[in-house]
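The sequence and structure come first.

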Amino acid sequence: METAETAMPLAAPDLSRLQEIARQVRLDIIEMLYRAGSGHLGGSLSATDILVALFFAEMRARPDDHCWPERDRFILSKGHGAPALYAVLARLGYFPREELASLRQFGSILQGHPDSGCTPGVEIPTGSLGQGLSIANGLALATRLNHLPSRIYVLLGDGEIQEGQIWEAAMSAAHYRLDNLTAIVDRNRLQIDGRTADVMSLEPLARKWQAFGWHTLETNGHDFPGLLAALKACRASRGRPSVIIAHTVKGKGVSLFEDQAKYHGVVPNEEEYRQALKELGAS
Ligand SMILES: Cc1ncc(C[n+]2csc(CCOP(=O)(O)OP(=O)(O)O)c2C)c(N)n1
């Protein structure tokens, strides 16, 4: 079994520390996308606090031994949010931070969507939306069969969950009572081309998950105490999978980009880049 010294979660997460890490991660995202000239801005920024809470205060992992069998697993089902995941993994030491400058370049370890063959810390290739929850089910069943203590976490986009495969997987996870599985929905209410309410409405979303047999929680996805309390409740829950509907703002952290469908896959121009750095307090 792992020892407390080498495993996360970190003892008593310091909230101001998590907020500072999230600020730095947002700065990295802006820098990476501006340099790369392409990539997904809004959904990376909405997911930042969720990823920071998971990786810095919840999941058990060993960045220097990323194949540790007892690690918790994370799947970025909304794979286009890769810049946020890469910034978090780099900050944890899975690979040197200098690699962030190579996002989306030919031969880089950081491809436009997560690729476990390229990037240490990435468990599963994703980017084709709708598949991550099915993969998470398989991992949750496998860790149960292998008597491993690992928990499985999967981050879904709210536009993504309009896909039917998600609901087949939701049904399966409840059937198999996968209580080692936590799904998080990045509920930013926007998808690629508009509001989820206009494209394909999801409400009543919490009641849908409940009807599928899931332990269902809702929280503000930018509030660390709320996120950590919800993750703790999921860990304590028995006999059914858990889902956290995390209410977020697409483009969170930079006023220009907030709640704008337009910045789904558009990178900042020079003026926007400078304003974003200023708002995020770049030194
Ligand atoms: C199967 C599939 N269809 C379409 C796309 C193209 N695509 C990339 S992101 C996106 C919108 C996703 O919206 P949402 O899940 O709400 O993501 P977020 O707003 O959090 O960025 C789409 C349609 C894809 N990656 N995979």
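An oxygen atom of the ligand lies 2.9 Å from a polar backbone atom of Leu190, while nitrogen atoms of the ligand are found 2.8 Å from a backbone N or O atom of Gly127 and 3.0 Å from one of Leu129. Of the 600 Å² of accessible area that the ligand has on its own, the protein covers 76% (Shrake-Rupley method, 1.4 Å probe).

This is a predicted model, in which local features need pLDDT of at least 70 and side-chain atom pairs pLDDT 80 or more, whereas totals for chains, interfaces and linings use all residues. Residues are numbered from 1 along each chain as its sequence is written, and side-chain values use heavy atoms, without hydrogens and water.

## The shell around the ligand

Among the 17 residues around the ligand (a heavy atom within 4 Å), those that come nearest are Lys78, His80, Gly127, Gly159 and Lys250.

## Cysteines

The structure holds 0 disulfides, a disulfide being a pair of cysteine sulfur atoms within 2.5 Å. The sulfur of Cys67 has its closest cysteine sulfur in Cys118, and because these are 15 Å apart, they are too far for a bond. Cys67 is exposed, at a relative accessible area of 55%, and Cys118 is partly exposed, at 28% (buried is under 20%, exposed over 50%, partly exposed in between, with a 1.4 Å probe and protein chains only).

Methods: Polar contact = N/O pair within 3.5 Å; in protein donor to acceptor, adjacent residues only side chain to side chain.
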